[in-house]
Amino acid sequence: MRRIKTNLGRLPQVRMGHHRMPDAVLGIGLAGAIAVGTLLPITQAIAAPAHSTRTDNAVVAADGRTDDRTASRSEDRQPVQQEQQPQQEQTQQPAEQQPAAQPAQQQAQPQEQQQAQPQPAEQPKPAEQPKPAEQPKAEEPKAAEPAAPAKKTYPNNLDGWIAEARDVLAAAGKPVPSAKAMHAAAIAESSGNPNAQNNWDSNAKMGTPSIGLTQMIMPTFRAYALPGHTDIRNPVDNLVASSRYCDARYGSMDNMAAARGYGSHWRGY
């Protein structure tokens with residue numbers, strides 16, 4: 001440290017009486033105190049740079065490296081300071097948010113009051129009337145199909161066979177002889193017997209005997225029988241084929257029977 005020379009020792013010597021000694025001493029002490037208080041900061045300011053330069057030189061001289069402990073301490077202090085800053089910010093933020101939270105609470109209170117107020121009971125909705133069940137549409141009555149005509153029945157005798165043979169010819173669109181002509185031919189040829197058969201005339205000698213109610217030979221019967229009526233011993237089929245044969249040869253069965261007097265002077269036809 002530098003020594004600062006003062007001029008205190010060079011103060012002029014003044015002779016004074018004994019009665020003034022105390023005042024002089026007090027004045028000197030006060031002046032000295034003022035001088036020391038003024039010079040002490042100056043001397044510290046001058047001494048501080050010199051001390052810092054010496055410490056810096058000493059640190060650099062030690063292998064040119066800084067003290068690891070001081071570096072680590074400085075690094076340890078920085079995170080602590082950084083951690084303290086967010087904590088301070090957090091402590092400040094709630095303080096700032098408190099005023100904002102109060103209006104939210106004030107808004108929540110009216111809403112709670114509104115919810116607490118009794119709301120008018122909902123009026124029950126009028127019960128929906130059940131829709132009338134859709135009635136199934138009545139099906140329109142279908143037009144009654146014409147019933148098939150009942151099959152006509154005929155008595156199993158000569159009159160019944162003649163009636164049925166005439167209906168068969170009419171249904172087939174063929175000429176229909178009179179019942180009188182058919183009856184005369186049946187009586188004159190076989191006496192009304194559908195199973196009659198002639199085994200003695202010329203036709204029988206030739207191998208084609210006359211058969212059935214009107215005594216027809218087989219070749220003639222086959223030539224004039226209608227489809228579905230091909231049984232020579234059936235009286236109806238025999239009458240149908242005989243009628244058609246007479247139509248082809250005599251013009252009609254009535255012509256043939258009339259020429260023979262309907263049986264009074266009958267001869268083979």
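**Helix α4 and what comes after it**

Okay, let's start where helix α4 stops: the residue that follows α4 is Ser191, and its phi is positive, near 60 degrees. Ser191 does that although it is not a glycine.

Before I go on, a word on the source. This is a predicted model, where local features need pLDDT of at least 70, side-chain atom pairs count only at pLDDT 80 or more, and totals for chains, interfaces and linings use all residues. Residues are numbered from 1 along each chain as its sequence is written, and side-chain values use heavy atoms, with hydrogens and water left out.

Helices here are DSSP runs of H or I with at least four residues, strands are runs of E with at least two, and both are numbered from the N terminus. For the twelve residues of α4, 179-190, that gives 16 Å, and the end C-alpha atoms are 16 Å apart, which agrees.

Which residues of α4 are buried? By buried I mean under 20% relative accessible area, with exposed over 50% and partly exposed in between, using a 1.4 Å probe and protein chains only. They are Ala181, Met182, Ala184, Ala185, Ala186 and Ser190. The cover over those residues includes α3 (158-171), α7 (235-250) and α8 (253-259).

Back to Ser191. It sits in the loop between α4 and β1 (197-198), and it counts as exposed because its relative accessibility is 62%.

There's another non-glycine residue with a positive phi: Tyr262, near 55 degrees. Tyr262 is in the segment after α8, and with a relative accessible area of 31% it is partly exposed.

Ser210 belongs to strand β2, residues 210-211, and at 6% relative accessibility it counts as buried. What does Ser210 touch, leaving aside neighbours within four places in sequence? Taking contact as heavy atoms within 4.5 Å, the partners are Ala196, Gln197, Asn198, Asp201, Asn203, Gln215, Met216 and Ile217.

Last thing, confidence. pLDDT is the predictor's confidence in each residue, from 0 to 100. The chain has a mean of 74, and 54% of its residues reach 70 or more. Over residues 58-77 pLDDT is below 50, and that stretch has two contacts in the model beyond near neighbours in sequence. Residues 89-101 also stay under 50, and for them the model has zero contacts beyond four places in sequence.

Notes. The expected span of a helix is 1.5 Å times one less than its number of residues.
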